[in-house]
Amino acid sequence: MSNRTGTAYALTTFARVQRHREDELEDYLAALPRGSASPLARIGVLHLSRLHLVRELVFQGPNQRHRDLLRHGHLVFTATFNGEPGDFLENLRTSVPECDEWWGRCVGYPGRDDRGAFAAWVRSLQVDTSLFQSPIPTTTVEEVREVTALRERVIDFAVAAQGLDAASLQARFRESF
Amino acid sequence: MTEAGLAGRPVPRPRRVVTGGNTTGRMTALTLFTPIRAPWVRLLRAAFRVAPHLPIRTHIIQFNFIKFVRWTVVDSLDDEQLRYSYLFFESNFDGPWQHYIDAFAYVIPRDIRAVWGRGIDFPYPPPAEPLKAWIARNSLEGGTYYCAHEELSTRQIQSAIAVSEAFHVFEAEAATMSADQFAAAWEQFLSDQQAHL
């Protein structure tokens, strides 16, 4: 199995939602803040994450001999991060109490009090990734921020330094970097 | 999802329609969860296992609009009796996925057909339009989506990495240069990195 590419790790989990709690869970997830206000933004190593429900399986048409009808809704949680899954889950447990809201509506959730129980439960939901690929497999979120900030500084410097003579250019560079 | 019928067997109930949930900033997530024909499950799993060691691994990540992409074969779900194994696919795009499907359909049609063609009624591309319709029908909506760099495209990140690497080399070499040497080297650096700035 291939949960990892470079230093990046792909976590994929499916949790069975408690009966009749699907609508409220769906509403809760839809109302979560986005961007830097997202609870997931508290995890510095996290590149991407998605939380959503699977409530039915799409019927592919008359050539599908059997129709799979789900008895339950299932909460899908995916995360892409750099580092070890154990560290990520501990970060999630301690920094994202909102876990109690989404997984608290799922069957068997042990809560966040017990580190080992929390990690073991989430890992029990994991389905190994079959293939995981990225053009930036070893680049961390922190590195993304550093290199993009540096690129901006280089552009700003290049614009500001236009027309300077050689000595002034060198002096300005040494001041700036 | 279903309610239990008279014999305890699930029967369909009206679908609750949810939309959105898969966008944040300029990013769009695409998640597909589609059945795999039984005879192909083992082969598909084996193909995924060897793919990272073959040139084919670079095919999909050649597109600079994807940051991370995953395929997961799912054989079972808790307390469900599935007749098929399912292929869970999750990717992300710099903008609406519809803008990029042409690239899949026309640049790597063999890869696309080899993976999703193991499913049922897959519209073998090209052309791209039936593929787009199939994706729209199977795209999982709703929920919430997070990206730490939601306003940066993959291309911007790759450019920033290239500039950063070149800059650190330049900076180290520039430390001992005369002013004239520095000015010439700076011009060369800008010229070399023009495509990334």
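**Note on a predicted two-chain model**

1. In strand β2(A), A:Y9 is the bridge partner of A:R4. Two bridges join β1(A) to β2 (residues 8-16) of chain A, and these strands run antiparallel. Strands here are DSSP E runs of at least two residues, and helices are H or I runs of at least four, numbered from the N terminus. Two strands pair if DSSP finds at least two bridges between them.

2. On the basis of the note: this is a predicted model, where local features need pLDDT of at least 70 and side-chain atom pairs count only at pLDDT 80 or more, while totals for chains, interfaces and linings use all residues. Residues are numbered from 1 along each chain as its sequence is written, chains are lettered from A and ligands numbered from 1 in the order in which they are written, and side-chain values use heavy atoms, without hydrogens and water.

3. The sheet draws on both chains. Five strands form an open, antiparallel sheet in the order β1(A)-β2(A)-β4(A)-β3(A)-β7(B). β1 (4-5) of chain A and β7 (144-147) of chain B stand at the edges, each with a single partner strand, so one side of each has no neighbour in the sheet.

4. Two helices of chain A lie across strands. Helix α1 (residues 22-31) lies across β3 (46-54) and β4 (74-82) of chain A and β7 of chain B, at about 150° to β3(A). Helix α2 (residues 85-95) lies across β1, β2, β3 and β4 of chain A, at about 115° to β4(A). Angles run from 0 to 180 degrees between N-to-C directions, with axes fitted to C-alpha atoms, for helices over the stretch in contact. Contact means heavy atoms within 4.5 Å.

5. The largest nonpolar core has 33 residues. Such a core is a set of buried Ala, Val, Leu, Ile, Met, Phe, Trp, Tyr and Cys residues joined through side-chain atoms within 4.5 Å. Buried means under 20% relative accessible area, with a 1.4 Å probe and protein chains only. β4(A) gives the most to this core, with four residues. A:L29 is among the residues with the most contacts inside the core. A:L29 touches, among others, A:L75, A:W102, B:G143 and B:T144.

6. Helix α6 (residues 166-176) of chain A meets helix α6 (residues 154-174) of chain B: their axes come within 12 Å and cross at roughly 120°. The contact includes A:F173 and A:R174 from α6(A), and B:F167 and B:F170 from α6(B).

7. Chain B has seven helices and seven strands. Of its 197 residues, 52% are buried.

Key: Buried means under 20% relative accessible area, exposed over 50%, partly exposed in between (1.4 Å probe, protein chains only). Lists of a residue's contacts leave out its neighbours within four places in sequence.
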